[in-house]
Amino acid sequence: MKPSRSFASDNNAGIHPKVLQAIAAANRGHAVGYGDDVYTESAVRKFKQHFGANTEAFVVFNGTAANCLSLKALTESHHAVLCTAASHINTDECGAPERFTGCKLLALPHESGKLTVEAVAQAYHGIGDQHHVQPRVISITQSTEMGTVYSPDEIRALADFAHDRKMFLHMDGARIANAAASLSLSLKQITRDCGVDVLSFGGTKNGVMGAEAVLFFDAKLSRDFLFLRKQGMQLASKMRFISAQLDALLTNNLWLKNAQHSNAMAKLLERELGRIPQVRIVYPVEANGVFAKIPHHAIAKLQKRYFFYVWSEEDSVVRWMCSFDTTEQDVKQFVRFVEQTV
């Protein structure tokens, strides 16, 4: 029998029991739709507690929408968004950011998933030239697509570069909780305090059924966001059931406990794989992802029992993700199978 839990993606994990309880609790009686309910009010209040009193928070369904709407709020169609070539907005959103914003994404080289000031500086040109798109937003992912984590200083340097040129810094925080857990810092310390202007806050990969949010740290930037969210088809009529999930995640540090656990399981996976000579870890394991180069012949055999994604077919690099519900037994059983197969 195939194991009930795999290492393909934290999207494949179930829902945390406390989140399910919150959804059930929100199912009592009637509530005003479109966010005018006590559950959304409570979730927004929690966001303000974590990120600052004047944070503007808007609930949406999914991460692609959070990213597209964030960028739309910051740009006009003649602008450009600077991101890494490996970024989710560039590789895994089917062109949605460019279609929805009308902007051009400028995909830049990266260092283990991280965008650097040097890379951004090389792309910052053609300013005022009517023949060129105008750089307007730097977009980074935290934690990165390679499972690495930006330090506060690295984020601050990118923010300073952007703000000195009247640009904005957007953060795709699909795994922001894992980054905060890795750095042992608060959510505010690795976002707002580092100069991030807009955050796509991720919940789905960290134990909720399906809930994300767009957070603005300058109210002026969110002036028209209610309309953008509606046009973007992200205004939920029964928003209470989405908001209740975020409210539960942000209560009693559930977001942190989930992320700490998935990170710890990734470190355990890294240690256990380290004793297999045919497996080589290719990126630092700083969050909940492990990227490994393995013999090509083993990939299909492993996938017959454990579903996962091949990161680079050419280099025979695979991605293994841990989740809030991954157990030590899951890791050790998986590693035994890897060892036998390779």
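User: Where does Ser143 lie?

Analyst: Ser143 is in the loop between β4 (134-141) and α7 (152-164). Helices are DSSP runs of H or I with at least four residues, strands are runs of E with at least two, and both are numbered from the N terminus. This is a predicted model, in which local features need pLDDT of at least 70 and side-chain atom pairs count only at pLDDT 80 or more, while totals for chains, interfaces and linings use all residues. Residues are numbered from 1 along each chain as its sequence is written, and side-chain values use heavy atoms, with hydrogens and water left out.

User: What is the omega of the peptide bond from Gln142 to Ser143, and is the bond cis or trans?

Analyst: Omega is near -5°, and the bond from Gln142 to Ser143 is cis. Most peptide bonds are trans, and most residues other than glycine have a negative phi. Asn252, which is not a glycine, has a positive phi of about 50°. Asn252 is placed in the loop between α10 and α11 (254-273).

User: Which residues line the largest cavity?

Analyst: Its lining consists of Ser143, Thr144, Glu145, Met146, Gly147, Arg175, Asn288, Phe291, Arg319 and Met321. The volume of this cavity is about 40 Å³, and the structure holds one cavity of 30 Å³ or more.

User: What makes one space a cavity and another a pocket?

Analyst: On a 1 Å grid over the protein atoms alone, a cavity is a set of points where a 1.4 Å probe fits but cannot get out, a pocket is an open set with protein on both sides within 12 Å along at least five of seven lines, and lining residues have an atom within 4 Å of a point. Points are joined across faces, edges and corners, and the volume is the space filled by probe spheres set on them. The largest pocket holds about 530 Å³. It is lined by 26 residues, of which Asn11, His88, Arg175, Lys205 and Arg319 are the closest to its centre. Five of the lining residues are nonpolar, 13 polar and eight charged.

User: Which element gives the most to the lining of the second largest pocket?

Analyst: That element is α3, with three residues. The second largest pocket has a volume of about 250 Å³. Its lining has 14 residues, and Lys72, Ala73, Leu74, Glu76 and Leu221 are the closest to its centre. The elements giving two or more residues are α3 and α9 (225-231). The lining divides into six nonpolar, two polar and six charged residues.

User: What is Lys205 in contact with, leaving aside its neighbours within four places in sequence?

Analyst: Contact means heavy atoms within 4.5 Å. On that basis Lys205 touches Asp10, Asn11, Ala174 and Arg175. Lys205 sits in the loop between β6 and β7.

User: Why are β1 and β3 called edge strands?

Analyst: The open sheet of seven strands has the order β1-β7-β6-β5-β4-β2-β3, with mixed pairing. β1 (56-60) and β3 (104-108) each have a single partner strand, so one side of each is left without a neighbour in the sheet. Two strands pair if DSSP finds at least two bridges between them. Within this sheet, β5 (168-173) and β6 (198-202) run parallel and are joined by four bridges, and Met171 has Leu199 in β6 as its bridge partner. Helix α10 packs on the sheet, where it touches β1, β6 and β7 (212-216), and its direction makes about 125° with that of β1.

User: What is the handedness of the crossing of α2 and α10?

Analyst: The crossing is left-handed, a term for a near helix turned anticlockwise from the far one by less than a right angle, clockwise being right-handed. Helices α2 (38-51) and α10 (240-249) pack at about 35°, with their axes 8 Å apart. Axes are lines fitted to C-alpha atoms, for helices over the stretch in contact, and angles run from 0 to 180 degrees between N-to-C directions. Tyr39, Thr40, Ser42, Ala43, Lys46 and Phe47 in α2 meet Arg240, Ser243, Ala244, Leu246 and Asp247 in α10. These contact residues comprise five nonpolar, three polar and three charged.

Notes:
Ala, Val, Leu, Ile, Met, Phe, Trp, Tyr, Cys and Pro count as nonpolar, Asp, Glu, Lys and Arg as charged, and the others, Gly among them, as polar.
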